[in-house]
Each structure stands twice: as structure tokens, then as C-alpha cells.
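Trainee: I would like to take a close look at a single part of this molecule. May I ask you to guide me through one residue and its surroundings?

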Amino acid sequence: MTERKGTLSVGAVSIFLIFTVLLLVTFSLLALAVARTDEKQSERASQTTAAYYAADTAAWEKLDAAVKALESDPGGAGAALEAEGIGLERAGDAAVLSFETPVSDVLTLYSRVRLTFGGNAVVGVAIESWRCAPAQN
């Protein structure tokens, strides 16, 4: 009796199986590399976001202290504000404060706020600019 051979020999099936396993291993290694890269990018974005919000809080505290200084001593607060790195421009019953708050080594929060006075009290606050940009060294 003659033996029948299938259309695929055992050698072809083995080669196909080895090729399939190699392909799956390659794709799994690529997926692992992409996942690690995504994790690093997410961590970096998380740290930058946390640093921005910390700088934002510090900027609001700096603005609050400047407003209190201007309300308590409208005429003499300019020199004290300049010493703290806050620029002051007066125009009639308004004043514009400009200051920088570092976010990180490479980013800075630049703030410019217009204050409107009614007597010695601040009656209006308008943010002209509150932006995060690369630090200018």
C-alpha cells in the first residue's frame, strides 16, 4: 500500500509555526517599548502639570500680597513691590502689576494684572496676561 502525503509537509508547518511565534514575540516587544515610552511621557506631563499649579498658586499669593501692600500704603508700596520683583505701572486710578513665577528650570509663568482703585481700595482686577512660556535666562 502506498502512503498518502498531505498537501503540507511537516517541515513547512514547523517553519510557519516558528515564523508565527517570532512575529508574536516581535510585536509584543514593540508593544512593551511603546507602553514604557507612554508611561515616561505621562509621568513627565504629570510632573509639569503639578509644577504649573504650584506656580499658579504662588502667583496668586504674590498678587494678593501686592494688592494688600498697595491698599495699605498706596504711595510707598512701589519700592517694596519692585524689591520683590513685581513691576508696577500707575495710570490715574489704575495700576498694572507684572511679575514672573518660575514653574521649572525651563518654564516660567508670566503674569500681568490691571488693578482699578476706588480711593485706596482695589475695586477691580483684570488679568491682562497669565501665560506659561519658556524661561528667558
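Trainee: Does E128 count as buried, partly exposed or exposed, and at what relative accessibility? Please describe its surroundings as well.

Mentor: Please bear in mind that this is a predicted model. E128 has a relative accessibility of 37%. Buried means under 20% and exposed means over 50%, with partly exposed in between, so E128 counts as partly exposed.

Let us turn to its partner. The side chain of E128 meets that of R114 in a salt bridge, with 2.7 Å from N to O. This pair links distant parts of the chain, since R114 belongs to strand β3 and E128 to strand β4, 14 residues apart. R114 is itself partly exposed, because its relative accessible area is 32%. Salt bridges that share partners join E128 and R114 with E89 and R112 into one network.

The structure holds four salt bridges. One of them joins D64 to K68, whose closest N and O atoms are 3.3 Å apart. Those two residues are four apart in helix α1, which means that about one helical turn separates them.

W130 counts as buried because its relative accessibility is 19%. Beyond its neighbours within four places in sequence, W130 is in contact with several residues, including Y52, D56, A59, W60, F99 and L109. With D56, the contact is also polar: the two side chains approach to 2.7 Å.

D56 leads us to helix α1, where it is buried, as are A55, A59, L63, A66, V67 and L70. The buried residues of this helix pack against β4 (121-134), and also against α2 (77-83), β1 (87-91), β2 (94-102) and β3 (107-118).

Note on methods
Residues numbered from 1 in each chain as written. Predicted model: local features only at pLDDT ≥ 70, side-chain atom pairs only at ≥ 80, totals over all residues. Heavy atoms only, no water. Buried < 20%, exposed > 50% of the residue type's maximum accessible area, 1.4 Å probe, protein only. Contact = heavy atoms within 4.5 Å. Polar contact = N/O pair within 3.5 Å; in protein donor to acceptor, adjacent residues only side chain to side chain.
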